[in-house]
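Student: I would like to go through this structure with you. Can we begin?

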Amino acid sequence: MTTTSTPEAAAVDVTDRPRLPEGDDERFTGFGVLGLAFRGGDYLALRVMTATSIGPGYRAVWHRTPAGSWHMFTTTDPAHSCPRYFSSEASYERVAAIDLRWRDAARLEVRIPGVLTWAIAMQATPATQAMSALGTALPSAARRSVPLLAAMGPMSRPMLRIGRMRMVGVAPNRQRFLVVPTRVWRISGSSAALRGTDLGPIGGLDRQTRLGSFWMPQRGLFYVGDARFSTFDPARHAPVGDLASDPRP
């Protein structure tokens, strides 16, 4: 058993010893929930970026309403966090804190004071172990290979049964992205309440959702890994505008 064989240990490792991928584009490393669907139509995702090439590390929670609108909560300047790439299809706001607490090696609690409480349970499966073995074995050059990563996305679909997945594509603000999960675990159970409203049981959406060409998994996955985006070019990429307010009551 390796020191990163549990979700908590892997998250602690990438927090204590973050290793940004090489390159001169915009790079991130960290952990979180790639995405988790609730049967009622809500959707949550978590990004804990322990190091970035464009600013300090940060935490972000993404929420999709049953009606299909996206909103992002971030702990740092939105122009240097997730809205930098996704604000064309999501409103956003900066929050004072997104608190994390590990209940044990495979159970995480996420809290945005006054907004969200979210409990997540994870487990390894033969499929996630196989994907993790592949991800950790990829050399640095392979993690930048567009043809290889483009092939890995469809390959993961029958293994993980998560619907469509793309590791290479274009974000809503028109930057190209490469996403490389190096370790993954299945989310085996979860409960969440947003502004006091219980989101109900987890389960795939009637229709898989996406942001740009970033498809959100139909079954929940916890991950550790890297991401990279095109360097911002004001002539080609949509800017992050003024700080958006939360459009929901």
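Tutor: Helices (H or I, at least four residues) and strands (E, at least two) are DSSP runs, numbered from the N terminus. This is a predicted model, where local features need pLDDT of at least 70, side-chain atom pairs count only at pLDDT 80 or more, and totals for chains, interfaces and linings use all residues. Residues are numbered from 1 along each chain as its sequence is written, and side-chain values use heavy atoms, with hydrogens and water left out.

Student: How much space lies in the largest cavity?

Tutor: A cavity is a set of points on a 1 Å grid over the protein atoms alone, where a 1.4 Å probe fits but cannot get out; lining residues have an atom within 4 Å of a point. Grid points are joined across faces, edges and corners, and a volume is the space filled by probe spheres set on the points. The search finds four cavities of 30 Å³ or more. The largest holds about 200 Å³.

Student: Which strand supplies the largest share of the lining of the largest cavity?

Tutor: Of its 17 lining residues, the closest to the centre are Arg47, Met49, Val179, Ala227 and Phe229. Elements that each supply at least two lining residues include strand 1 (26-37), helix 2 (83-86) and strand 14 (221-229). The largest share, five residues, comes from strand 14.

Student: How many charged residues are in the lining of the second largest cavity?

Tutor: This cavity has about 60 Å³ of space. Its lining is Leu34, Met165, Arg166, Met167, Val179, Phe214, Trp215 and Pro217. Ala, Val, Leu, Ile, Met, Phe, Trp, Tyr, Cys and Pro count as nonpolar, Asp, Glu, Lys and Arg as charged, and the others, Gly among them, as polar. By class, that gives seven nonpolar, no polar and, for charged residues, one.

Student: How many residues apart in sequence are the parts that glutamate 26 and arginine 84 tie together?

Tutor: A salt bridge is a side-chain nitrogen of Lys or Arg within 4 Å of a carboxyl oxygen of Asp or Glu. Glutamate 26 and arginine 84 form one at 2.7 Å, N to O. Glutamate 26 lies in strand 1 and arginine 84 in helix 2, so the parts tied together are apart in sequence by 58 residues.

Student: Is aspartate 13 buried or exposed?

Tutor: Aspartate 13 meets arginine 19 in a salt bridge (3.0 Å, N to O). Buried means under 20% relative accessible area, exposed over 50%, partly exposed in between (1.4 Å probe, protein chains only). Arginine 19, at 49%, is partly exposed. Aspartate 13 has 10%, so it counts as buried.

Terms used: 1 Å grid on protein atoms, 1.4 Å probe; cavity = no way out; pocket = protein on both sides within 12 Å on 5 of 7 lines; lining within 4 Å.
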